[in-house]
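Here are some notes to read with the model open beside you. They are meant as a friendly walk through a few of its parts.

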Amino acid sequence: MEKQTDLSEAEIAVHWQEEGYYHAPVSFVVQANLRDADVFKRFSPENFPECYKEYADLLSWYKYWDKTLDTSNAPFWRWFVGGKINASYNCVDRHLEKHRNKTAIHFVPELEQERIQHITYQELYVRVNEMAALLRNLCGLEVGNRVTLHMPMVPELAITMLACARIGVIHSQVFSGFSGKACAERIVDSGSRVLITMDGYYRGGTMQDQKEKADIAVAEAASQGYAVEKVLIWQRYPGKHSSPQPLVQGRDVVLNEALKSYRGTRIEPMQMPAEAPLFLMYTSGTTGTPKGCQHSTGGYLAYVAATSKFIQDIHPEDVYWCMADIGWITGHSYIVYGPLALAASSVIYEGLPTYPDAGRPWRIAEELGVNIFHTSPTAIRALRRAGPDEPKKYNYHFKHMTTVGEPIEPEVWRWYYETVGKSEAAIVDTWWQTENGGFLCSTVPALHPMKPGSAGPALPGIYPVIYDEDGNEIPRGANKAGNICIRNPWPGIFQTIWGDPERFVRQYYARYNKREGSKDWRDWPYFAGDGAVQSADGYYRILGRIDDVINVAGHRLGTKEIESAALTVPEVAEAAVVPVADEIKGRVPDLYVALKPGAKPSHELEERISKAVTTEISPIARPRKVWIVADMPKTRSGKIMRRVLAAVSSGKDAGDVSTLANPEVVADLRKMAETAKV
Ligand code: PRX
């Protein structure tokens with residue numbers, strides 16, 4: 001178990017009162033994919049793990065598995081062992097017979113005057129094949145190689161992922177908003193020798209220079225002694241270079257041009273073992289470096305296909321829009337793999353939800369006939385603030401809506417339900433994590449009523465438990481928070497942390513392990529790192545992280561990552577980051593720094609520190625405020641008391657400060673906070 005800090009998000013979590021139930025409209029229930037309450041019996045512990053065959057049977061297998069769950073190397077679970085499958089085949093080829101002419105991807109450019117592009121399953125098939133051929137022939141990529149993608153929200157991203165999957169290459173997509181340096185860190189960690197990017201993309205009405213980040217990433221990797229051989233560049237507008245950065249001869253390849261030589265090429269999908277890694281998704285954890293969560297092919301795809309079908313209620317005739325970014329796990333599971341495995345039409349929107357105004361999402365929904373909508377509380381809060389009455393102006397109808405990634409305030413939930421959903425949609429609040437592959441807690445929309453502010457009960461086949469610090473189970477209805485864990489493995493769970501199996505065990509399984517070396521899954525509860533309470537009706541309310549992770553606008557950031565970025569500024573001696581509640585983003589980081597002797601505080605220095613965070617990580621990590629302090633509150637053993645800093649930032653009582661070595665700093669900090677304008 002890694003060290004826990006004296007501050008957690010859960011400690012500053014809002015405690016909402018229990019809300020009443022809302023029921024899904026009959027019109028939804030009668031058409032829902034999952035209406036049979038027996039599902040919970042079929043997925044009860046007595047039927048575990050064989051129950052998951054029902055999920056795997058949604059896919060087309062070259063060969064069935066011999067063993068559903070192999071626990072012999074616990075907690076490295078192996079699902080559908082012996083099975084052979086290809087994710088690209090399942091998301092593309094197998095739909096051609098019935099859905100060749102159906103739109104697989106609706107691409108909505110940010111600039112409203114640009115036409116929406118509709119990519120059929122046939123076109124997707126052609127483009128995935130040609131890209132797979134290029135990756136194999138031009139780059140020499142083979143099964144098991146890793147490739148880093150640093151692409152914006154464009155259909156070429158899904159095409160690239162599916163092309164990798166076709167030939168067994170493991171993709172690692174880095175969120176496009178991350179800096180070149182952050183990208184380099186992930187290139188080096190994953191051992192990618194090819195980087196795939198796009199020259200630019202629109203965000204907030206301006207063309208972003210993405211190619212520049214590739215140049216920075218390659219240079220940064222080189223400074224660490226790591227050589228990237230090729231940079232493949234999609235052009236946002238084929239035939240035109242949209243970045244001011246010149247091409248690097250011998251290294252950069254313009255994909256639109258290079259793909260011309262692969263016209264008409266077809267690549268047979270590789271018959272991959274179910275256990276072969278499909279992709280890596282880096283996320284923040286309790287230590288400074290991001291970790292590459294390794295997801296499997298068969299188990300992952302079965303889990304996301306089934307949860308897309310039963311929780312998202314996707315039917316092939318639906319138009320489904322998840323507004324997350326494919327650079328996060330939500331986009332992988334619920335824009336690309338899940339919906340496409342079900343032959344849905346999935347919307348990819350390039351830009352900001354509020355560009356050019358807060359009516360944009362509703363115009364897109366109206367134009368495309370979107371009937372399933374999926375987004376985060378941060379986006380809902382932003383849309384509500386910018387255009388509380390906008391949805392009423394547009395003629396669209398959602399049958400189903402999702403919220404994901406953060407707790408949603410009941411008041412915001414009600415706006416989502418009444419105004420966005422026009423009181424005619426079922427809402428699911430889905431709780432899960434990058435590590436989990438797919439949803440863990442949510443109402444089954446036709447079977448359970450909704451309760452604002454609560455994620456709902458566990459999904460079929462997921463058996464959560466809430467433990468206190470000593471490992472005692474906290475019963476439902478006890479009105480007491482604890483650490484939420486999942487008792488059992490499920491097919492979507494990640495396989496390991498890339499290159500760091502020891503950290504995998506330590507961070508997720510050591511905490512509540514019942515017997516070291518056990519091969520029985522019952523001895524290995526999965527430790528999620530979230531605080532939670534379970535009410536008497538079995539619904540879970542997620543309170544937030546209990547570790548050093550801050551959830552900013554639904555983006556997971558490690559406090560250590562932000563602190564290390566601040567420490568790259570030469571004047572900074574110490575840095576400490578704490579979360580502060582924010583009306584729109586849920587949480588934002590406040591950064592406290594102490595300077596080296598002789599360094600002088602100044603506004604310019606604050607700016608420079610803030611800029612360092614942006615260039616080392618991303619603008620999403622930018623601190624709300626940089627506080628230069630004379631002294632940090634510290635324990636006698638020299639540990640910074642972040643709890644005290646968080647209390648100062650939030651204007652709350654710092655509580656007991658008697659254990660501080662320097663209690664007098666608290667008054668100084670308070671005075672500073674009161675006089676500063678934030
Ligand atoms: O704290 C929980 C919060 O987001 C964390 C996972 O973040 P990430 O790995 O980036 O995945 C986000 C998308 C799945 C969790 O540890 N979280 C996620 N969903 C919810 C949530 N908090 C409250 N309610 C949710 N529905």
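1. Which residue just after α9 takes a positive phi? That residue is Gly 225, with a phi of about 80°. Helices here (H or I, at least four residues) and strands (E, at least two) are DSSP runs, numbered from the N terminus.

2. A word on what you are looking at: this is a predicted model, in which local features need pLDDT of at least 70 and side-chain atom pairs count only at pLDDT 80 or more, while totals for chains, interfaces and linings use all residues. Residues are numbered from 1 along each chain as its sequence is written, and side-chain values use heavy atoms, with hydrogens and water left out.

3. Back to helix α9, residues 211–223. At 1.5 Å times one less than its number of residues, its 13 residues should span 18 Å, and the end C-alpha atoms lie 19 Å apart, which agrees.

4. Buried residues (under 20% relative accessible area, with exposed over 50% and partly exposed in between; 1.4 Å probe, protein chains only) of α9 are Lys 211, Lys 213, Ala 214, Ala 217, Val 218 and Ala 221. Down the axis of α9 they fall within an arc of 150° (taken from the directions from the helix axis to the C-beta atoms), so they line one face of the helix. Their packing partners (contact means heavy atoms within 4.5 Å) include α8, β6 and β8.

5. Now the open sheet. Seven strands follow the order β5-β4-β17-β16-β18-β19-β20 with mixed pairing, where two strands pair if DSSP finds at least two bridges between them. β5 and β20 stand at the edges with a single partner strand each, so one side of each has no neighbour in the sheet. From one strand to the next, the twist averages 20°.

6. Within that sheet, β18 (372–375) and β19 (400–404) pair in the parallel sense over four bridges, and Phe 373 stands opposite Met 401. Helix α15 (410–420) packs on the sheet, touching β18, β19 and β20, and its direction makes about 160° with that of β19; axes are lines fitted to C-alpha atoms, for helices over the stretch in contact, and angles run from 0 to 180 degrees between N-to-C directions.

7. Finally, look at β22 (482–486). Five of its five residues are buried, so β22 is largely enclosed by the rest of the structure. Four bridges join β22 to β21 in an antiparallel run, with Ile 486 as the bridge partner of Pro 464. β22 also pairs with β24 in the antiparallel sense over four bridges, and there Gly 482 has Ala 532 as its partner.
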